[in-house]
Amino acid sequence: YRHVNGRWVARTPIPADKARYGSFMVLAEEAEKAVREIIEQAQSAEPGTLEKKVGDLYASFMDAGRIEALGARPLAPLLAEVDAIDSVDALLATLGRLERRGVAGVVQLFVDNDPGDPERYLVFVEQDGIGLPDESYYREDAHADTRTAYRGHVERMLALAGLDDAGARAERVIALETALAGHHWDKVRNRDAQATYNLSTWEDWAASAAGIDLALWREGYGIPVTALAEVVLRQPDFTAGLASELTGRDLAEWRDWLRFAVVRSMAPYLSSAFVDENFAFYGRTLTGAPELRARWKRGVALVERAMGEAVGQSYVDRHFRPEAKAAMDDLVATLIEAYRQSIETLDWMTPATRERALDKLGKFTPKIGYPERWRDYSSLEIAADDLLANVQAAGEFEFQRELKKIGSPIDRDEWFMTPQTVNAYYNPGFNEIVFPAAILQYPFFDAGRDAAANYGAIGAVIGHEIGHGFDDQGSRFDGDGRLHDWWTEEDRTAFEARTASLIAQYDALEPAETPGHHVNGAL
């Protein structure tokens, strides 16, 4: 690693607003500047146009004077709803209402195609309710200092929101989050595609929440029962654990937890006191980045999250050449052929599994550059002078867009990254590899340079994404995106014997900068 990268590492400082740096981020900074130009020009677009909507959303974030003057006042109506909670039933209904408006809740919901039947959409339900990155932060000695810092952060955030006795409230928040984390699955188990695929009817899911009426949460959220007729519970036993905490803990503890959830969720869009304290913990303490990102960068990120494909259309028009797509088609086809030859010559794979693996490879769908159809943002209402309303409107727009998928045909043209994202992905449910326009630039790709340079750069990315289709989890999905065991027992055993060696190798690694901390090989 040092032989290849050592001189670059030695001469290249990590920018003060980042915790890590590399070729992906160098290119991402260029894309960020290009998007900023598009967004700033959109501020002067004609009223009623999509471009003006983009510009108004950015303007609402950049109006720092108005945001400073408002201080904590935007939190008042949300916190008033929490104050009014007088029972577990009221808590459930309020949780649903606030989660729909962008407040972090006790579960996360998303819509995806069903791993068992890839031609239909289902709602997926995932554990939530904690403010630290995962459950290990609440129990491992290695994270003791982070827990101490987090407790101080919670207290300061609650004090900024105007709540009295913030220290005692912070203790209750930490106690409740620690209890919820005790019901969470760990990171390794959470990436197990089979363990996290648990079909459940609404009736069975509601029944597993013994002692609480889950319908009150659903009604507060405004989700039709038909949309939840069948769901995927990624961690099925979390519901029972959550129900026990809802019925077994003091209601005051839950109110303080929800108050902090409100403040934490809205902090990036409030005055500088909230933004700075939020960054001090989630940026500086957790990632090591010494400086908050410039306001324009955070404004660009907001627009990209809320209206990414609207910006993407302009980005593609300005920065993506058609010849790049044609050259990428050739690169991808050649790398898939190389992978086919590799599978055909594996000495440990039996003919039965080999045939299915080659079938899957032949069904790979490459997507290059940008979507065939752009997302329609016409129903999204944006005001140039109300940031928090815009954030909630964007959340509501996304909620409705996702909800409309239930019962609709699978949209295989949908993209899960914007064209201006410097990244790529493999989607096992669609059996597709996707390469957005922004990564198809120097140093990763240049249609006019020697092919060897492209194979060594973007080719490594392409090969990486193809590989995800055959790694420990991707290999459990067949060529049609269906989750089932299509390997022979003999081949799976041979595969896992080889991955066990890799896990053991990585388990032994102990970075010199962090003595006593070992890599999690299974993760």
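This is a predicted model: local features need pLDDT of at least 70, side-chain atom pairs count only at pLDDT 80 or more; totals for chains, interfaces and linings use all residues.

Visitor: How many bridges join E6 to strand E7?
Guide: Strands of a sheet pair through backbone hydrogen bonds, either parallel or antiparallel. E6 and E7 run antiparallel, and the number of bridges joining them is 3.

Visitor: Which strands stand at the edges of the sheet?
Guide: The sheet is open, with 3 strands in the order E5-E7-E6 and mixed pairing. An edge strand here has a single partner strand, so one side of it is left without a neighbour in the sheet. The strands placed that way are E5 (365-369) and E6 (425-427).

Visitor: Which helix lies across E5 and E7?
Guide: Look for the helix spanning residues 322-344. It runs at about 150° to E5, and its name is H16.

Visitor: Are H2 and H15 roughly parallel or roughly perpendicular to each other?
Guide: The axes of H2 (residues 23-42) and H15 (residues 295-319) come within 8 Å and cross at roughly 90°. Angles of 65 to 115 degrees count as roughly perpendicular. The two helices are therefore roughly perpendicular.

Visitor: How many nonpolar residues does the contact of H2 with H15 have?
Guide: H2 brings residues including Val-35, Ile-38 and Ile-39, and H15 brings Trp-296, Val-300 and Val-303, among others. By class, the contact has 7 charged and 3 polar residues, while the nonpolar ones number 10.

Notes. Residues are numbered from 1 along each chain as its sequence is written. Side-chain values use heavy atoms; hydrogens and water are left out. Axes are lines fitted to C-alpha atoms, for helices over the stretch in contact, and angles run from 0 to 180 degrees between N-to-C directions. Helices (H or I, at least four residues) and strands (E, at least two) are DSSP runs, numbered from the N terminus. Angles under 35 degrees count as roughly parallel, over 145 as roughly antiparallel, 65 to 115 as roughly perpendicular and the rest as oblique. Contact means heavy atoms within 4.5 Å. Ala, Val, Leu, Ile, Met, Phe, Trp, Tyr, Cys and Pro count as nonpolar, Asp, Glu, Lys and Arg as charged, and the others, Gly among them, as polar. Two strands pair if DSSP finds at least two bridges between them.
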